[in-house]
Amino acid sequence: MKESRRKFFKSSILAGTSLLVANSTSASCIITPAQTEGPFYPIDDQLDTDTDLVFRKGAPKKAKGKVVYVKGRVLDQNCEPVKGALVEIWQACESGKYNHPNDPNPAKLDPNFQYWGKAITNNKGQYLFRTIIPGSYPATTSWLRPPHIHFKVSIRGYEELVTQMYFKGESLNQNDKILQSLSDLEKKNVIVNFKKVNNKLTGKFDITINKIF
Ligand SMILES: [Fe+2]
């Protein structure tokens, strides 16, 4: 294991501990708003689908872009942590290109980026990814999508949730038709404020899903 990866996983454990403390009184139990899956959900199997998207197995170097840590808890409507949920994320690379054959964007793919990752929530419902801030990309000739990360959360007994997470302070958020279709409260639940924590740009995205049985 490379030294940088070892450091990442060591710090992941510490980050999870502090998350629990910081979050013990502030969990939201409002179901996270669903957002369109979009056309770029991965269709090709990847060799590497772990939680560190900055390094792709077999790639010679790390991905381009500003590294961020995205972490949070999966909860149900009663604020109970959901253990064992599959959390998938997929996103564009720094240039705004998806690793998907139907993406018409002429921007270049980053061969070192792992475009798709999967996590299983732990006993406390926690997950953690390391990735990069994705580039914006044209949805139409007059509409640029702001940087965003697609999420899919699934586990038996709960309604599957597909949504998108946004970065607070991005000017393109104001004119994004998908984000702006949400109410102000819903927007608050999917726009994440990234801050430096131990010199790592970190955002907390708690996700609430609907328990059926
Ligand atoms: Fe997208």
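Reader: Which residue stands opposite L75 in β12?

Author: T208 does. The strand names come from DSSP (helices are H or I runs of at least four residues, strands are E runs of at least two, both numbered from the N terminus). This is a predicted model, in which local features need pLDDT of at least 70, side-chain atom pairs count only at pLDDT 80 or more, and totals for chains, interfaces and linings use all residues. Residues are numbered from 1 along each chain as its sequence is written.

Reader: What makes β1 and β12 a pair?

Author: Two strands pair if DSSP finds at least two bridges between them. Three bridges join β1 to β12, so the pair qualifies. The two run parallel.

Reader: Which way does β1 run against β4, and which way against β11?

Author: β1 and β4 are antiparallel, with seven bridges. There V67 stands opposite I132. β1 and β11 are parallel, with three bridges. In that pair, K71 has K204 as its bridge partner.

Reader: Why is β1 described as largely enclosed?

Author: Nine of its ten residues are buried, so the rest of the structure largely encloses β1. A residue is buried if 20 or more other C-beta atoms lie within 10 Å of its own, exposed if 12 or fewer, and partly exposed in between, with C-beta atoms placed from the backbone. Over the protein chain of 213 residues, 37% count as buried.

Reader: What does G84 touch away from its neighbours in sequence?

Author: Beyond four places in sequence, G84 is in contact with I120, T121 and I155. Contact means that the C-beta atoms, placed from the backbone, lie within 7 Å. T121 is 37 residues away along the chain, yet the two C-alpha atoms are separated by 4.9 Å.

Reader: Is K64 buried, exposed or partly exposed, and what makes it count that way?

Author: K64 has 15 C-beta neighbours inside 10 Å, so it counts as partly exposed. K64 sits in the loop between α1 (3–23) and β1. Its contacts beyond four places in sequence are E94 and D110. Between K64 and F113, 49 residues apart in sequence, the C-alpha distance is 7.5 Å.

Reader: Why is the phi of C79 worth noting?

Author: Most residues other than glycine have a negative phi. C79 is not a glycine, yet its phi is positive, about 70°. With 13 C-beta neighbours inside 10 Å, C79 is partly exposed. N198 also has a positive phi, about 50°, and is not a glycine. N198 lies in the loop between β10 (195–197) and β11 (200–204). Its count is 10 other C-beta atoms within 10 Å, so N198 is exposed.

Reader: Which residues touch the most other members of the largest nonpolar core?

Author: They are V74, V87, F129, F151, V153, M165 and I207, in a core of 41 residues. β1 gives the most to this core, with five residues. A nonpolar core is a set of buried Ala, Val, Leu, Ile, Met, Phe, Trp, Tyr and Cys residues joined through C-beta atoms within 7 Å. Beyond four places in sequence, V153 touches residues including V74, V87 and I207. V153 also has L161 in β8 as its bridge partner.

Methods: Two residues are in contact if their C-beta atoms, placed from the backbone, lie within 7 Å.
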